[in-house]
Amino acid sequence: MTLSTYGPRTPSTPLSPGAGQAPTSPAPQGARAPLQTPAAVVMVRPHFFTPNPQTLVDNGFMTVPPGDPDEVARAAYREVTAMARRLQDEGVRVHLFEDLERRTPDSVFPNNWFTTHPDGSLALYPMRASVRRLERRADIVHELCRHYEISRTRDYSLWEEIDCFLEGTGVMVLDHVHRIAYVCRSGRADPQLVELFCLDHGYRPVLFDATDRQGVPIYHTNVMMSVGQRVAIVALETVRDEDQRRRLVEELEGSGRTVLAITAEQVREFAGNALEVWAGDHPALVISARGWRSLRRRQRRQLEAVHAVLPVEVPTIEHAGGSARCMLAGIHAPSRD
């Protein structure tokens, strides 16, 4: 596998010190994870975190963090560390990589530049902000190949040369069971590339338009939508077109899921930016504490009825316009271990 376009990066490290060890927690024990729900995730711990000015142009969720930049970076480091340990303690396998680069302010969101799939394929994606292209890392790909059955690589990153972008599971919320790719249109999701991805991986695209209260397109589908085994969280009111909204509900309910509707205001609080993971022998929903607090009691009960809930405190990271789900690249490739 040739990744010569990716610059040299610092070595990855495990959650606990251990020279030369792969950056993973022990493999989860218990029942086998269902297809939709990853039992392992990749996380990146930045040492010089800061919101990315290049992405401000179309990410309306970004805010300026108060305080000294060095303290902001230290706070982000602590939040990633605590979240990784929380997931590991709950039984999720965590691959944690360090980022000592100052040039990659959004590296804490690895789900945008790669995905892995049950057929053993690994996909690399074209990123809209030029500085984000530096996040693609050979050492992460190498470790994934060590621990998972990766048989082929589909590299879409060359599409950056003609300004076509597809930012991974930021723009695509994938139903791995029914092979559906849900995508809200934005400058980060080229329709032609969506079609190509779906052809290559055997998915069917469902495209729609979603906007915030000001009518601005939502930059990533995964901030307004999350699809688990039994429940789909979706901000239906951000889909203004009635036909698109009706089709979205029909697709989700047709796949056997209950639709949990959230509001545009709850989207602003990152309630839609959640990921269902496999915590040893049961499903668990990872969501930021801020997003969880924004939900009504009825909504919380509906989620707690189908899986455990793992709220995590990531307020510093959220200044960059993403939250808990954006910090997790779920691993769906078969494990070698």
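Glu-71 counts as partly exposed because its relative accessibility is 32%, where partly exposed covers the range between buried (under 20% relative accessible area) and exposed (over 50%), using a 1.4 Å probe and protein chains only. Its salt-bridge partner is Arg-78, and we will come back to that pair below. The model is predicted, so local features need pLDDT of at least 70 and side-chain atom pairs count only at pLDDT 80 or more, while totals for chains, interfaces and linings use all residues. Residues are numbered from 1 along each chain as its sequence is written, and side-chain values use heavy atoms, with hydrogens and water left out.

**The whole chain**

- The protein chain has nine helices and 15 strands; these are DSSP runs numbered from the N terminus, with helices being H or I of at least four residues and strands E of at least two.
- Of its 337 residues, 60% count as buried.
- Among contacts between residues at least 6 apart in sequence, 77% join residues at least 24 apart, a contact being heavy atoms within 4.5 Å.

**Salt bridges**

- There are 23 salt bridges in the count, each being a side-chain nitrogen of Lys or Arg within 4 Å of a carboxyl oxygen of Asp or Glu.
- Side chains of opposite charge can pair when their charged atoms come close.
- In the pair of Arg-78 and Glu-71, the closest N and O atoms are 2.8 Å apart.
- Arg-78 is partly exposed, with a relative accessible area of 45%.
- Glu-71 and Arg-78 also belong to a network of salt bridges that includes Arg-74.
- Arg-247 forms a salt bridge with Glu-251, with 3.6 Å between the closest N and O atoms.
- These two residues are four apart in helix H5 (residues 242–254), so about one helical turn separates Arg-247 and Glu-251.
- Arg-247 is partly exposed at 37% relative accessible area, whereas Glu-251 is buried at 15%.
- Arg-290 and Glu-318 form another salt bridge, and their closest N and O atoms are 3.8 Å apart.
- Because Arg-290 lies in helix H7 (residues 289–294) and Glu-318 in helix H9 (residues 315–318), this pair ties together parts that are 28 residues apart in sequence.
- Arg-290 is partly exposed, with a relative accessible area of 28%, while Glu-318 is buried at 2%.

- Three strands form an open sheet with mixed pairing, in the order E2-E1-E15; two strands pair if DSSP finds at least two bridges between them.
- Strand E2 (93–99) and strand E15 (329–331) each have a single partner strand, so one side of each is left without a neighbour in the sheet.
- Neighbouring strands of this sheet are turned by 30° against each other on average, direction ignored; axes are lines fitted to C-alpha atoms, for helices over the stretch in contact, and angles run from 0 to 180 degrees between N-to-C directions.
- Strand E1 (residues 40–46) pairs with E2 in the parallel sense over seven bridges, and Pro-46 has Asp-99 of E2 as its bridge partner.
- Helix H1 (residues 69–90) packs on the sheet, where H1 touches E1 and E2, and its direction makes about 160° with that of E1.
- Helix H2 (residues 138–147) lies across E1, E2 and E15 and runs at about 155° to E2.
- Among the buried residues of H2 are Ile-140, Val-141 and Leu-144, and what covers the buried residues of H2 includes strand E3 (114–116) and strand E4 (121–124).

**A hairpin**

- E6 and strand E7 (residues 180–184) pair in the antiparallel sense over four bridges, and Asp-175 has Ile-180 of E7 as its bridge partner.
- Which way do the side chains of strand E6 (residues 172–175) point? Met-172 and Leu-174 point one way, Val-173 and Asp-175 the other way, and all are buried.
- In a regular strand the side chains alternate between the two faces of the sheet.
- The hairpin has four residues between the strands, and Arg-179 takes a positive phi near 60° there.

**Aromatic rings**

- The structure holds four aromatic pairs; rings of Phe, Tyr and Trp (its six-membered ring) pair if their centres lie within 6.5 Å, with planes under 30 degrees apart counted as stacked, over 60 as edge-to-face and the rest as tilted.
- Trp-113 and Phe-114 make a tilted pair, 4.8 Å centre to centre with 55° between the planes, and both are buried.
- One aromatic cluster is made up of Tyr-125, Tyr-156, Phe-197 and Tyr-203.
- The charged end of Arg-179 sits over the ring of Tyr-203, 4.1 Å from its centre; the rule here is NZ of Lys or CZ of Arg within 6 Å of the ring centre and within 35 degrees of the ring normal.
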